[in-house]
Every structure is written in C-alpha cells, then in structure tokens.
Protein chains: 4
Amino acid sequence: MGRAHAMAFATAARAFDLPVTPALELIADRTEASAAEAAEILGFRRSTANWRTIMADPSIDLVAIAAPNRLHAPIAEAALAAGKPVYCEKPLATTLAEAEAMTAAAGASGLPTAVGYTYLYNPMIALARDLIQSGEIGEVTAFRGIHAEDFMASPDAPFGWRCEPDQAGGALADIGSHIIAMALHLVGEVSEVSGTLQTAHPVRRDAAGAERRVTVDDQMDALVRFAGGATGALAASWIATGRKNQLAFEVTGTRGSIHFTQERFNELKLCRAGGGFTTILAGPEHGAYGAFCPAPGHQLGYNDLKTIEVRAVLQAVLGLPNAALDFAKALRVERVADAIRRSHRERAWIAL
Amino acid sequence: MGRAHAMAFATAARAFDLPVTPALELIADRTEASAAEAAEILGFRRSTANWRTIMADPSIDLVAIAAPNRLHAPIAEAALAAGKPVYCEKPLATTLAEAEAMTAAAGASGLPTAVGYTYLYNPMIALARDLIQSGEIGEVTAFRGIHAEDFMASPDAPFGWRCEPDQAGGALADIGSHIIAMALHLVGEVSEVSGTLQTAHPVRRDAAGAERRVTVDDQMDALVRFAGGATGALAASWIATGRKNQLAFEVTGTRGSIHFTQERFNELKLCRAGGGFTTILAGPEHGAYGAFCPAPGHQLGYNDLKTIEVRAVLQAVLGLPNAALDFAKALRVERVADAIRRSHRERAWIAL
Amino acid sequence: MGRAHAMAFATAARAFDLPVTPALELIADRTEASAAEAAEILGFRRSTANWRTIMADPSIDLVAIAAPNRLHAPIAEAALAAGKPVYCEKPLATTLAEAEAMTAAAGASGLPTAVGYTYLYNPMIALARDLIQSGEIGEVTAFRGIHAEDFMASPDAPFGWRCEPDQAGGALADIGSHIIAMALHLVGEVSEVSGTLQTAHPVRRDAAGAERRVTVDDQMDALVRFAGGATGALAASWIATGRKNQLAFEVTGTRGSIHFTQERFNELKLCRAGGGFTTILAGPEHGAYGAFCPAPGHQLGYNDLKTIEVRAVLQAVLGLPNAALDFAKALRVERVADAIRRSHRERAWIAL
Amino acid sequence: MGRAHAMAFATAARAFDLPVTPALELIADRTEASAAEAAEILGFRRSTANWRTIMADPSIDLVAIAAPNRLHAPIAEAALAAGKPVYCEKPLATTLAEAEAMTAAAGASGLPTAVGYTYLYNPMIALARDLIQSGEIGEVTAFRGIHAEDFMASPDAPFGWRCEPDQAGGALADIGSHIIAMALHLVGEVSEVSGTLQTAHPVRRDAAGAERRVTVDDQMDALVRFAGGATGALAASWIATGRKNQLAFEVTGTRGSIHFTQERFNELKLCRAGGGFTTILAGPEHGAYGAFCPAPGHQLGYNDLKTIEVRAVLQAVLGLPNAALDFAKALRVERVADAIRRSHRERAWIAL
C-alpha cells in the first residue's frame with residue numbers, strides 16, 4: 001500500500017492541474033535498512049526507523065499512514081497533535097474507541113483528514129451518487145450490497161495478520177468496511193442493523209505450520225435500515241470462491257435503479273422505470289476520468305482511483321474544495337461495523 | 001395459470017415418452033359460462049361452475065388447482081378426501097395452519113401430491129443441485145438469493161388481490177416463496193431466520209380508484225442459517241425497479257460456487273476453486289432439455305418448465321419414480337416464510 | 001423437426017385465439033412402420049409411407065415439409081400442383097435452380113407458402129425490425145453478423161448428411177442461411193458479396209468408420225453491401241468451439257445500434273446515440289410473448305418461436321394478415337448463399 | 001498522448017525494478033512557449049521548439065515520438081541517424097513507403113525501436129498469446145475481430161486531422177491498425193486479404209464551419225487468410241454508435257476458443273472444447289499486473305498498459321530481454337492495411 005501511495009502522489013501532480021507538486025520527503029519503516037530501501041524504491045528523499053521523527057519535522061505538511069492497522073491511531077494522533085493533516089489508510093482504527101478518539105482529535109485540531117476508502121473516489125460512484133441525490137432514481141427504497149473475495153476460501157489459506165482481531169482482522173473489518181462505506185456514501189445514515197458473523201474455517205495454520213484458533217469472521221451478513229427509510233442487506237465474505245473484488249450493489253429507487261460491481265468498475269448499470277438496464281461506460285464526461293484517459297472505453301485502473309483520492313487529500317490540505325472522506329465519515333463505517341458485531345453477539349437489532 | 005396448465009398437459013404427452021396420454025376432462029370456473037368458455041379455449045371436454053363436482057366424478061384421476069390462493073386448501077382437502085391426487089399451484093395455502101392441515105391430509109391419504117414451484121424443475125437447477133450434492137463445490141458455506149420484480153414499483157400500481165393478506169399477498173408470500181423454495185431445494189433445511197419486511201407504498205388505489213391501506217410487504221430481507229452450517233441471506237421485492245424475474249442466487253462452497261438468475265435460466269455459471277466462472281449453456285446433456293430442443297443453445301421457455309413439472313406430476317400419479325415437489329416440501333417453504341414474518345414482528349431470530 | 005412441428009401445431013390453437021383448430025391428419029415417413037409410430041407419438045390420425053398420398057387427399061389443407069432437404073422441392077411442387085399451401089423447413093432447396101423453380105411454382109399457384117426460418121419469428125427480432133424501419137436508429141450504416149456453432153469442431157465429428165453437398169450440407173447452407181435470412185429481414189436486399197469458404201477438416205469418418213473426403217465448408221466469411229447503402233460482414237461456422245447457437249449480429253445506425261444473440265434470444269440490446277446499450281427483456285409488450293408467458297422475464301423457448309411461426313402459417317392459409325416468410329423470401333437467402341459460393345470460386349465480388 | 005508518455009516514464013521506475021531511472025530531459029513542441037509549458041506540466045527538465053535539437057544532444061538516450069503522424073518518419077529517421085533508439089506512437093507512418101524506409105533505417109542502424117501498440121502489452125493479451133502458442137486451444141481455425149468506436153458516428157462530428165489522408169486518417173489507419181496488430185500478434189502472418197472501405201458521411205464541416213469532402217473511410221471490413229491456415233474477418237469503424245473502444249476478437253481453435261474486448265480489458269474469456277466460456281479476471285499471476293495491483297480484481301487502467309509498454313522500451317534500450325514491438329512488427333501492420341486499401345480499389349484479393 002505504501003507503493004500505491006507513492007505512485008499516486010507522483011502521478012497526481014502530472015495528471016491534475018494542482019497548485020503544488022508534492023514531494024515525498026520522509027518515510028518511516030520498521031528498521032533503518034528497510035526504510036532506506038523503501039525510500040530508494042518509492043522515491044522518498046529521506047527515511048527513518050522512528051515514525052515520531054516525522055511529527056517533529058517542520059518540513060512535513062502531510063502525514064500519510066499505510067502502517068499496520070493497530071498503528072493508525074497512535075500515528076494519527078501524534079500527527080494531529082503536531083499540527084499535521086493526516087491521510088490514513090482504511091480501516092480508521094482497530095477498535096471503535098480508538099476511532100472515536102481519533103475523530104475527536106481531528107475535530108479538535110481543525111486539521112484536514114482523509115481516509116483511504118479508495119473505491120468511493122471512482123467517477124462512476126460519483127455518478128451513482130449524483131443520480132441518487134438529484135432524485136433521478138426517485139426515492140431510494142433498497143440498498144443491497146456485498147464485498148466478496150476468496151483469498152481465504154481454502155481451509156489451507158494461512159493464519160496471518162488478517163486473522164488477528166486486534167489488527168482489525170476478519171472479513172467484516174477488512175473488506176466489509178468497503179460495502180458499509182459505500183452504503184453510507186450513497187444512501188446515507190444507517191439507523192439499525194441485524195447481523196450475523198460466521199467462521200467457516202475455525203482453525204488455520206500460521207506461517208510456522210502451527211494450528212491457530214480463528215476468532216474472526218470469514219463472512220458477515222446483515223440487515224440494514226437507513227435513516228431515510230430504505231431497507232436492505234449487506235454482506236462480506238473472504239471465502240466467496242471465485243469472487244476477486246466483488247464490491248457489488250444495487251440501489252433501488254421508485255423511479256430507477258443502479259447496479260455496480262467493482263470487478264468492472266468502469267461501468268455503471270442504470271435503469272429508469274419502464275426501461276431496462278443501460279450500461280454506462282466511463283468516459284471523459286465522468287469527473288476525473290479525462291485526466292487519465294483520452295477517450296471513453298480506455299478504463300481507469302486501481303492506481304488511478306488512488307491518484308484521484310490523493311488529489312482530494314492534497315486539495316483538503318490546501319484548503320481547496322475537495323471530496324476527501326474525512327475521519328468523521330470513516331468513523332461512521334466503524335460504528336456500523338461495531339453495531340453489526342454487537343448484533344451478532346446479542347442476537348438482536350442494534351440501533352445507531 | 002390455467003392456460004399454462006392446459007398447454008403443459010397437452011405438450012407433456014408429445015414431448016415425453018409417457019405410458020399415458022392425459023385427457024383434460026372437466027374444468028371448473030366461477031360461472032357456467034366462464035367455465036364453458038375456458039373449456040373451449042383450453043380443450044377440456046366438460047365444464048362446471050361447481051368444483052365439488054370434480055371430486056365426485058370417478059373418471060377424474062388428478063385434480064389440478066389453479067384457483068385463487070384461498071381456495072387451495074378446501075379444494076385440495078376435498079380432492080384428497082375423494083381419493084384423488086392433487087397438483088396445486090404455489091403457494092400451498094394462505095396460512096401456515098392451512099398448509100399444515102393440507103400436508104397432514106396428504107400424508108394420511110397416502111396420495112401423491114405436487115406443488116407448482118415451476119422454477120425448480122429447470123434442468124439447470126437440477127444440474128446445480130447435482131453439483132452441490134455430489135460435493136463438486138465442496139462444503140456449502142453460503143447461499144445468498146433474491147427474487148426481485150418491479151410490477152409494484154410504481155406508487156400508482158393498483159391495489160389488487162396481491163395486496164390482500166388473506167390471499168397470500170405481499171412480496172414475501174407471492175414471490176419470496178420462490179427464493180425460499182430454491183434455498184431449501186439446493187442447500188437443505190433452514191434452522192433459523194432473522195427477517196424484516198417493508199411496505200414502501202402504504203396506500204394504493206384499487207380498480208375503483210378508492211384509496212386502500214396496504215398491510216402486506218413490498219419487500220423482505222432475511223438472514224438465514226441452514227441446518228448444514230451455511231449462512232446467508234434471502235430477499236424478495238416486487239418494487240425492484242428494472243428487475244422482471246430476477247430469481248437469482250449464489251451458492252458458495254469451499255471448492256466452487258454457482259451463480260444463477262432466472263432471467264437467463266438456460267445458463268448456469270459454475271466456478272471451481274482456482275478458476276473463474278464458466279457459463280454453462282443448457283443442452284441435451286441436461287435432463288429434459290432434449291425433449292424440447294434438438295441442440296444446445298436453443299433454450300427452454302417458461303412453458304417447457306411447466307411441462308417438465310407436469311411430467312413429474314403424471315409420473316407421481318402413475319407411481320413412477322419422479323421429482324415432483326410434494327405438499328411436505330411446499331410446507332417447508334411456508335414454515336420459513338412464517339418464521340420470517342414472526343421474526344419481523346418480534347424483532348428476533350426465530351428457530352425452525 | 002417433425003416433432004417440433006407437431007408440438008407447435010398442437011400448442012398454437014391453445015396459445016392463440018385462432019378461428020380454426022388444426023388437426024394433424026396424415027403423416028408420411030420412409031416406411032409404413034416408422035410412419036405409424038410417428039403418427040402415434042406425434043398425434044397424427046393417419047400415416048403413410050408414400051408422401052404422394054397426401055397430395056391426393058382432399059381433407060388436407062396444408063402440407064408441412066420436415067423431410068430431408070433434397071425432398072423439399074419434389075414434395076413442395078407436388079403439393080402446390082395439388083392446390084395445397086406449403087410450409088417447408090429451411091433451406092428451401094438444395095440448389096438455387098430448385099429454389100427458383102419452387103418459388104416460380106408458388107407464384108404461379110397463388111397459394112400461400114411459408115419457410116421455417118424460425119428465429120425470425122422471435123418478438124425481439126420483430127422489435128429490432130420495427131426499430132430499424134421506423135428510423136429509431138437512424139440510417140443503417142453497417143450489419144455484422146455470424147451464426148456460429150461447434151458441433152463439427154472436433155476432427156472426430158462424423159461425416160453425416162450435413163457433409164453431403166447434395167443435401168444442402170456445409171456450414172454456409174446449414175446455418176449460414178440463418179444469418180443471411182436475418183440480414184435480409186432486418187436490413188433489406190444485398191447488392192453484392194465477396195466471400196470465402198474454408199474446410200478445416202477435409203477428411204472425416206462416416207458412421208461405418210470409413211474415411212470420407214469433405215467437400216463442403218466448415219466455415220464461411222463474406223463481405224456484404226446492401227442495396228440501401230450499408231456495408232458489413234457475415235460469417236458462419238460449425239467449428240466455432242464453445243458456441244452453441246450464436247446467431248449474433250450488430251446493426252449500426254447513425255442514431256443507434258442494436259445487438260442480439262440467439263443464445264440469449266429473450267433480450268435485445270439497444271443503444272441510442274449518446275447513451276449506452278440498454279438490455280431490453282422480452283415481455284408482454286412484445287408481440288406474441290404474452291400468449292406464452294404471464295409476465296416479463298419468464299422467457300420464450302425455442303418451441304414457442306416455432307408456435308409463433310405456425311400461427312403465421314395458419315394465418316396465411318386462412319387468408320388472414322400474417323408475417324409468414326414465403327418462398328420468395330427464402331429464395332433471396334438462397335441467392336445470397338449462391339453468390340457467396342460463386343464469389344469463393346471466382347475470388348471476386350459477385351453482384352446480386 | 002505526450003502526457004501519457006510522461007506519466008508512464010515516471011511510473012515505470014516506481015512500478016518496476018529497473019536498473020535505471022529514466023529522466024525526462026528535453027521536450028519539443030511547436031513553439032518555445034508551448035514546449036516550455038509542456039515541460040512544466042509533464043516534468044521535463046528542458047524544452048525546445050526545434051525537435052532536431054534533441055538529436056544533437058549527447059545526453060539523450062531515447063527519443064519518444066508523440067508528434068503528429070506525418071512527423072513520425074522524419075523524426076524517427078533523424079533519431080536513428082543520430083544513433084538514438086526510437087519509441088514511436090502508432091501508426092508507424094502515413095504511407096507504406098515511409099514505413100518501409102523507417103524500418104530499413106532501423107534495421108541498418110541496429111538500434112532498438114518500439115511502436116506504441118499499447119493494447120498488445122496487456123497481460124491478458126500475453127495470456128491469450130501464450131494459450132495460442134502453447135497449443136492450449138489446438139490449431140487456430142479462425143480469427144474474427146473488430147475495432148469499433150463511435151466518435152465520428154454523427155454526421156456533425158467535425159472534419160479534423162483524422163479526416164486527412166496524409167495524416168494517416170480514416171478508420172482503417174487510425175483504429176483498424178489496432179485490430180490488425182492484434183491479429184498478427186496472436187495468429188501470425190496474414191497471407192491475403194479482400195477488403196472494402198466505406199465513407200458513410202462524405203461531407204463534414206471543419207472547425208471553421210466550412211464543408212469539406214471526406215476521402216478517408218468511416219469503416220472497413222476485410223476477409224483475411226493467415227499463413228498458418230486460419231481464416232477470418234477484420235473490421236474497423238469509427239461510426240459504430242455505442243461502441244467506445246471495442247477492440248474485440250474471437251480466436252477459434254480446434255480445442256478451444258478465446259474471446260476478448262478492450263472495453264473490459266482485465267478479462268479474458270476462455271473456452272476449452274466440451275466446456276463453456278470461463279471468465280478469467282486479471283490478477284497477480286498475469287505478468288506485470290502485480291506491479292500495479294495488490295490482488296486480483298483490482299484492474300489495470302489504460303495508463304498501466306502504457307507503463308508496461310514503457311518498461312519494454314526501456315528494457316530494449318538497455319539491451320535486456322523485452323517484449324517491445326519494433327518497427328518491423330509495426331511495418332507488418334502497415335502492409336496489411338495497405339493491402340486492404342489496394343483490395344478495395346481493385347475489388348480483388350491481394351496477397352501479402
């Protein structure tokens with residue numbers, strides 16, 4: 001993810017007409033050696049094994065966090081305390097309490113923040129949001145969505161950090177957060193949830209071959225009610241054999257519907273009542289697309305989405321109008337995820 | 001639906017090598033005139049305005065029920081009492097109590113019964129079931145399915161019998177039953193559910209233009225746990241703008257996955273772990289397909305599924321091996337639907 | 001194909017409100033025994049081993065020909081000479097000369113004729129034709145189409161009647177005729193062609209295991225110019241591995257485009273200039289669909305198309321308005337196919 | 001296109017482990033001012049209004065040409081004469097004679113060259129090529145492909161440089177070259193062609209509003225025979241309403257088939273004889289994909305393909321093993337295009 005950040009910062013200045021050219025100034029990693037190597041590969045000027053150095057450095061205008069999840073909170077809080085804007089990878093934190101504290105710190109600081117829910121920066125998602133918010137599909141009555149992958153589908157998939165609960169492990173935290181973020185982004189606040197988690201493979205072997213008990217979820221399903229009146233369901237699974245990045249949803253309205261899947265993220269299927277679904281291909285008329293491709297049908301890639309995200313981050317830092325998703329928005333994701341977890345434990349609907 | 005039955009009985013004898021040729025002997029309808037007209041159009045020999053006449057007629061070997069839902073129970077019970085096999089349209093009944101009584105009567109009679117869950121007779125569904133039951137996709141970990149249509153999506157769609165709760169109205173009863181039946185058919189018993197119903201348009205106008213309060217659901221979402229350990233979600237909606245007959249599901253297993261939608265019911269998408277989804281087109285190698293089409297890619301239509309269903313009914317009546325879905329199987333659908341309704345009312349998980 | 005005819009005649013009377021109910025009166029087959037058996041299975045009243053008997057029978061009002069291709073001409077001409085309307089399977093004949101003679105005989109007789117280009121009776125094709133003829137897609141600039149199957153893709157596929165040139169064998173005659181018929185039906189007269197044929201497997205074994213030289217084509221490609229100014233290309237292949245009934249085309253106009261494939265024949269993809277392709281699902285608003293299915297998304301099957309064709313045949317016989325494709329229309333297909341063959345031999349453009 | 005080059009050179013060093021980091025040294029444009037502005041935006045160190053300055057500069061190790069088509073030949077020849085490797089945008093030249101001369105100069109110089117047929121650098125195309133060359137799909141019997149866009153579909157689309165024959169204008173030269181390049185890349189040498197060109201809109205208005213006669217083609221269709229025995233067809237159209245970048249093809253083999261469209265270029269559909277088409281999603285197992293995306297389903301974008309191309313260019317310049325498409329390969333494209341043009345004029349098959 002560090003590399004994706006570095007490439008995006010480098011590309012943003014070329015792709016967009018920005019008033020600044022970001023410099024990759026100082027990178028921190030676990031050891032002096034690994035930090036130096038990362039700096040060399042990614043094009044940073046300096047490196048350090050102590051991330052706190054960054055906070056003390058007056059030449060640093062933005063702290064980007066692509067560290068392990070449990071470091072998000074301490075790094076972000078230190079950066080905010082040092083008066084530096086923060087751009088943090090998702091999830092915001094490994095516990096709701098941490099996320100609340102980070103968001104409070106951000107609010108108190110008045111500094112710009114941003115969280116890397118990269119898929120939301122897709123111009124086709126912006127189009128979906130515009131269609132919804134402008135009333136083009138009428139009143140939204142349902143949102144049904146899933147984030148399905150299969151990298152843990154095999155019982156032989158190893159026990160790694162994603163299986164550690166204190167690392168924000170589990171399908172809900174790791175990838176379910178994407179579909180929750182999407183639902184919130186498109187349909188607005190969730191008012192209550194009823195969810196269930198499942199661990200299909202309760203024992204996995206770690207890299208050393210030792211059997212480890214898995215306490216995180218392999219998949220999640222939840223019913224949701226939105227504050228605006230719509231109902232629906234969310235799901236997350238990392239054992240969905242054959243699905244690679246199926247962040248897919250259908251938003252149903254009284255006058256239209258929208259269907260999308262991240263596996264074909266340069267397309268949006270839009271239906272207007274009385275007609276069928278029309279496949280809209282991404283093109284220069286769709287937001288930032290034209291900064292990357294000369295004509296429709298050429299397609300943005302994942303790194304282009306990251307670059308669009310970085311533009312929003314830079315705009316936020318510069319005080320320009322921007323579409324950055326700040327800590328407060330990311331906190332909403334954590335709250336819904338936490339409510340789903342509570343619902344699972346208590347076998348009850350949980351209000352937000 | 002009466003016409004679909006009549007066409008299917010006529011076609012079954014030509015499409016399949018059956019030991020009998022069914023005769024359409026006696027049809028009942030509301031009035032003598034309408035019954036006579038139906039007999040003329042559909043090719044029945046005789047007609048009556050009193051369905052009880054059928055039960056008293058010794059020349060009748062099978063009673064097929066395509067009457068309004070609230071008549072299913074009395075007609076079926078009278079037929080069984082008269083010693084006649086019964087082929088009943090779905091849903092089995094308008095209340096769970098009725099469905100229980102009908103199933104008990106069928107069991108006590110020892111007579112063959114069948115219920116018209118036509119979509120389950122699709123050779124591609126038989127293929128899916130075989131793939132699942134033979135272990136081709138490994139252990140099933142999830143089933144997520146929906147039945148979505150849009151004929152009530154407009155607030156202007158009229159209040160009709162489908163809006164009457166005592167007619168088995170509502171999206172859950174009317175079309176949700178299809179996805180419940182599919183889940184049970186493919187994955188087996190459901191052990192518990194957590195569901196929610198929504199009425200998006202609580203007032204509709206009837207044919208006379210009068211405002212009527214709608215007490216049935218426009219859409220349903222439910223979490224399910226299967227006795228075999230899989231989890232998942234079911235949904236039903238008749239306000240899903242743009243969806244016409246989207247009885248769609250994905251069954252996920254540890255070694256493969258299956259995706260299907262009724263809107264393209266001559267196709268099955270099968271993924272084996274490590275590969276992508278393969279589109280299998282219906283062909284002569286798939287069960288009854290060859291009785292209708294000379295070669296792959298020609299496609300079965302809805303009436304062909306009905307004809308395959310009628311073959312099963314006739315085989316059941318004749319005491320031959322058959323795949324008819326009997327009252328006991330249809331009762332399971334009613335039990336799950338009832339549990340979802342209770343879950344909605346009680347805001348709790350309901351065990352089956 | 002005889003069975004498809006019999007089922008379609010039986011179903012037509014039930015599906016449609018026709019002023020007559022067709023009776024399957026007399027069937028001819030090679031031997032008395034096979035004819036009697038066919039009569040029994042298909043529901044004909046009488047049978048014969050001599051097809052000329054049919055012509056002499058005053059109770060016969062329509063002769064339907066599903067005999068081997070080389071018998072089409074003699075049977076049709078005898079029927080017309082006997083004053084009987086003729087419904088003939090495609091292709092019209094095995095040589096252009098025969099087809100010309102048949103069409104001349106039909107014209108001279110003034111009798112109704114019809115040819116079984118079943119795919120053209122699809123309501124979605126009627127929709128495509130309406131869209132084109134009404135100018136909805138503007139001026140047609142291109143038609144590109146193919147009919148691809150794979151039943152001869154293996155070098156081990158046996159030498160059968162389809163490999164016999166005097167049986168109208170070869171991919172061009174056998175299945176290429178469908179895409180030619182479609183092009184003519186949708187875009188109108190072809191003015192010139194440049195074509196090429198290929199025999200990928202020049203030797204195949206017959207049922208007895210003997211090696212046989214194949215002189216017919218395994219695939220065909222042709223450039224076409226239409227009288228209306230459009231250009232494009234046609235292809236046919238029975239060695240197209242993986243394709244089962246891919247009768248697919250795209251019609252391009254200055255204001256829209258239409259895409260279709262027979263493998264999903266209940267769908268039409270329509271693009272209007274400035275928008276994307278919209279998937280239109282077959283429904284009751286599309287011609288004869290409603291005679292078969294209660295609601296959209298249910299899907300017609302191949303036999304339903306055959307039944308729609310039979311309705312047109314019966315309407316033609318009864319002197320009612322009808323959409324039957326007569327001998328003159330089928331002759332146009334033969335002329336284009338013949339021109340493609342000549343073009344291949346002469347390595348030159350051939351005008352029609 | 002200049003921006004795409006600049007971004008690709010900048011990204012290549014970060015995405016790949018290359019022994020050098022390319023420096024954007026000197027950029028030429030029409031005027032000093034525009035060159036300086038381009039240098040600023042794209043990150044070049046120096047700028048010039050005279051491209052010949054580049055050739056004289058000993059610090060330049062590679063000349064990249066993204067100038068108008070008619071300048072490709074003089075710039076490339078000057079660069080080669082100066083001993084500099086050349087990376088040239090497609091098409092190689094505006095006439096076959098020029099292309100021949102450039103290729104001869106490249107051959108004589110012994111210098112590395114590359115041409116920007118960017119779509120061929122797609123890892124999914126590499127996969128297709130591997131499947132074909134390894135015999136996975138058996139002997140190739142057919143290739144049918146098209147490159148269809150619609151930016152000139154409207155009669156109101158303006159007369160611009162793409163309408164100028166001496167700028168390599170016309171659909172065949174501009175975009176048909178992509179499908180020819182693809183055919184050659186996957187199936188090998190073309191032995192003969194029969195083609196036809198059409199100008200659907202013979203008059204267009206230029207930017208000044210003046211009517212201009214269009215002498216280039218709006219669309220092209222051609223039959224092809226490959227040296228290896230396969231046959232097929234190629235098409236190009238820039239008036240294909242609704243198509244945005246439909247560089248699509250199907251390669252048919254005796255044991256399998258491959259289907260692809262650039263509008264979904266992270267997917268390949270592969271059929272093995274006896275099975276259906278399987279959708280393969282791009283992932284880390286596919287060549288350079290992993291340099292850009294952390295997991296499957298994330299998708300490469302157009303600029304990533306350009307970056308992969310630039311890596312090949314740099315590898316070629318460094319004398320490393322590489323997959324760069326050199327002038328000799330691009331010349332083959334020009335020869336096929338020229339043969340199609342001759343075939344159109346002479347209305348005859350043209351051998352290559």
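This is a predicted model: local features need pLDDT of at least 70, side-chain atom pairs count only at pLDDT 80 or more; totals for chains, interfaces and linings use all residues.
Trainee: Why are α4(B) and α5(B) called roughly parallel?

Mentor: Helix α4 (residues 72-81) of chain B and helix α5 (residues 96-109) of chain B pack at an angle of about 10 degrees, with their axes 10 Å apart. Angles under 35 degrees count as roughly parallel, and that makes α4(B) roughly parallel to α5(B). The crossing of these two helices, α4(B) and α5(B), is left-handed.

Trainee: Which residues in α4(B) and α5(B) meet?

Mentor: From α4(B) come B:His72, B:Ala73, B:Ala76, B:Glu77 and B:Leu80, which meet B:Glu98, B:Ala101, B:Met102, B:Ala105, B:Ala106 and B:Ser109 in α5(B). The residues of this contact of α4(B) with α5(B) divide into 7 nonpolar, 2 polar and 2 charged.

Trainee: What makes D:Leu318 count as partly exposed?

Mentor: Buried means under 20% relative accessible area and exposed means over 50%, so D:Leu318, at 35% relative accessibility, counts as partly exposed. D:Leu318 is found in the loop between α8 (302-317) and α9 (327-346) of chain D.

Trainee: What does D:Leu318 touch, not counting residues up to four places away in sequence?

Mentor: With those residues left out, D:Leu318 touches D:Pro19 and D:Val20.

Trainee: Which residues have the most contacts inside the largest nonpolar core?

Mentor: Those are B:Phe143 and C:Phe143, in a core that has 210 residues. A second, separate core of 209 residues includes D:Met7, D:Ala15, D:Ala106 and D:Ala330.

Notes
Residues are numbered from 1 along each chain as its sequence is written. Chains are lettered from A and ligands numbered from 1 in the order in which they are written. Side-chain values use heavy atoms; hydrogens and water are left out. A nonpolar core is a set of buried Ala, Val, Leu, Ile, Met, Phe, Trp, Tyr and Cys residues joined through side-chain atoms within 4.5 Å. Buried means under 20% relative accessible area, exposed over 50%, partly exposed in between (1.4 Å probe, protein chains only). Axes are lines fitted to C-alpha atoms, for helices over the stretch in contact, and angles run from 0 to 180 degrees between N-to-C directions. Helices (H or I, at least four residues) and strands (E, at least two) are DSSP runs, numbered from the N terminus. Angles under 35 degrees count as roughly parallel, over 145 as roughly antiparallel, 65 to 115 as roughly perpendicular and the rest as oblique. A crossing is left-handed if the near helix is turned anticlockwise from the far one by less than a right angle, and right-handed if clockwise. Contact means heavy atoms within 4.5 Å. Ala, Val, Leu, Ile, Met, Phe, Trp, Tyr, Cys and Pro count as nonpolar, Asp, Glu, Lys and Arg as charged, and the others, Gly among them, as polar.
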